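Subject: Structure handover

Hello,

Here is the structure I said I would pass on. My notes on it follow below.

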Amino acid sequence: QFLYFIVKMKLPFAAVLATLSAGVSCSLFDDAVAEGAARNEQWAKLPLPMKEPQVGRIKSWACTLGDKVYVFGGEDLVTEEVLGDFWAFDFNTLRWSAIVAGVGEPSPPKRAKLRLVCDEKRNVVYLVAGKNVSDLWVYSPVTGRWREIPEDLVNGLNYDVFSSDFVAMSTEDHIVIAGTSDGDFPDYAVFNKDTEEWSPRSYDSRLKVEDPGGVGVGDLAVFAGGVFAGSALPNRTYVMNASDQHGLWEDLVTDGMA
């Protein structure tokens with residue numbers, strides 16, 4: 001196992017990530033690569049003492065908060081065992097450390113196909129659902145503790161439907177989850193980080209896809225790509241203002257926003 005890193009390019013990098021998630025080749029990404037190459041920015045393998053974590057994994061998730069990368073769960077690459085361990089990699093010390101809940105303290109159950117969302121503004125890590133798991137947890141690096149956020153606080157929203165092929169987009173004050181292949185339920189929902197309430201927004205058949213990509217940029221949620229009926233949809237990119245209670249998804253191409 002190795003960890004790689006890249007220096008951030010001085011441009012709207014989130015837009016590049018959204019484009020990559022959609023599998024689209026565009027001038028923005030081409031320009032980013034050219035600019036990075038001109039400054040000799042490149043991927044580099046860190047010289048890590050590979051003691052921890054020793055388990056190679058898939059279907060896990062990671063996010064960056066401050067000087068650390070947090071990783072949770074997934075499946076053992078060899079045995080396919082579902083994992084529930086939680087790790088932090090410190091860019092200053094170049095060391096991994098296991099984060100283990102104290103005796104009697106709550107912690108999330110094992111899971112794969114989860115989503116982690118790091119929030120710099122609140123200095124917390126959110127753990128959203130997973131395969132066959134429907135819950136929401138928040139971890140504070142300050143206290144070193146997990147806290148489960150009660151489900152269905154206002155609208156009776158059950159987000160079991162998002163527990164496999166979904167994306168979680170973190171905006172300034174919200175988490176937007178979307179993307180699923182079938183079923184009669186809202187196609188996306190919004191979590192308010194301050195009130196800790198979920199609200200299903202609407203139905204939008206364009207979001208009924210598997211394994212989409214997405215990213216939050218300010219108040220905007222950007223949803224891209226995905227697979228529908230076995231076919232990739234590389235040119236699908238939509239944007240929504242999560243702070244607008246009546247906000248709708250707009251097509252970046254057909255609505256003239258590209």
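A221 stands opposite M240, a residue of strand 20. This pairing belongs to the contact of strand 17 (residues 220-224) with strand 20, an antiparallel arrangement joined by five bridges. Please keep in mind throughout that the model is predicted.

Strand 20 also pairs with strand 21 (residues 250-251), again in the antiparallel sense, over two bridges. Here V239 has E250 in strand 21 as its bridge partner. As for burial, strand 20 covers residues 237-241, and four of these five residues are buried, so the strand is largely enclosed by the rest of the structure.

Four strands make up an open sheet in the order 8-9-10-11, and the pairing is antiparallel. Its edges are strand 8 and strand 11 (145-148), each of which pairs on one side only. From one strand to the next, the twist averages 25 degrees. Inside this order, strand 9 (residues 124-130) and strand 10 (residues 133-140) are antiparallel and share five bridges. V128 stands opposite L136 of strand 10.

Strand 8 also takes part in the disulfide. The structure holds one such link, formed by C63 and C118 with their sulfur atoms 2.0 Å apart. It connects distant parts of the chain: C63 lies in strand 4 (residues 61-65) and C118 in strand 8 (residues 115-119), 55 residues apart. The link of C63 and C118 is right-handed, with 65 degrees about the S-S bond.

Are the two cysteines, C63 and C118, buried or exposed? Buried means under 20% relative accessible area. C63 has 10% relative accessibility and therefore counts as buried. C118, at 15%, counts as buried too.

Last, the surface. I58, L77 and V78 form a nonpolar patch there, with about 300 Å² of accessible area together. Of these residues, V78 is found in the loop between strand 5 (68-76) and strand 6 (82-90). The cut-off for exposed is over 50% relative accessible area, and V78 counts as exposed because its relative accessibility is 73%.

Regards

Conventions:
Residues are numbered from 1 along each chain as its sequence is written. This is a predicted model: local features need pLDDT of at least 70, side-chain atom pairs count only at pLDDT 80 or more; totals for chains, interfaces and linings use all residues. Side-chain values use heavy atoms; hydrogens and water are left out. A disulfide is a pair of cysteine sulfur atoms within 2.5 Å. Buried means under 20% relative accessible area, exposed over 50%, partly exposed in between (1.4 Å probe, protein chains only). Two strands pair if DSSP finds at least two bridges between them. Patches are made of residues with over 30% relative accessible area and no salt bridge: like charges are joined within 9 Å, nonpolar side chains (Val, Leu, Ile, Met, Phe, Trp, Tyr) within 5 Å. Accessible areas come from the Shrake-Rupley method with a 1.4 Å probe; for residues, only the protein chains shown count as cover. A salt bridge is a side-chain nitrogen of Lys or Arg within 4 Å of a carboxyl oxygen of Asp or Glu. Axes are lines fitted to C-alpha atoms, for helices over the stretch in contact, and angles run from 0 to 180 degrees between N-to-C directions.
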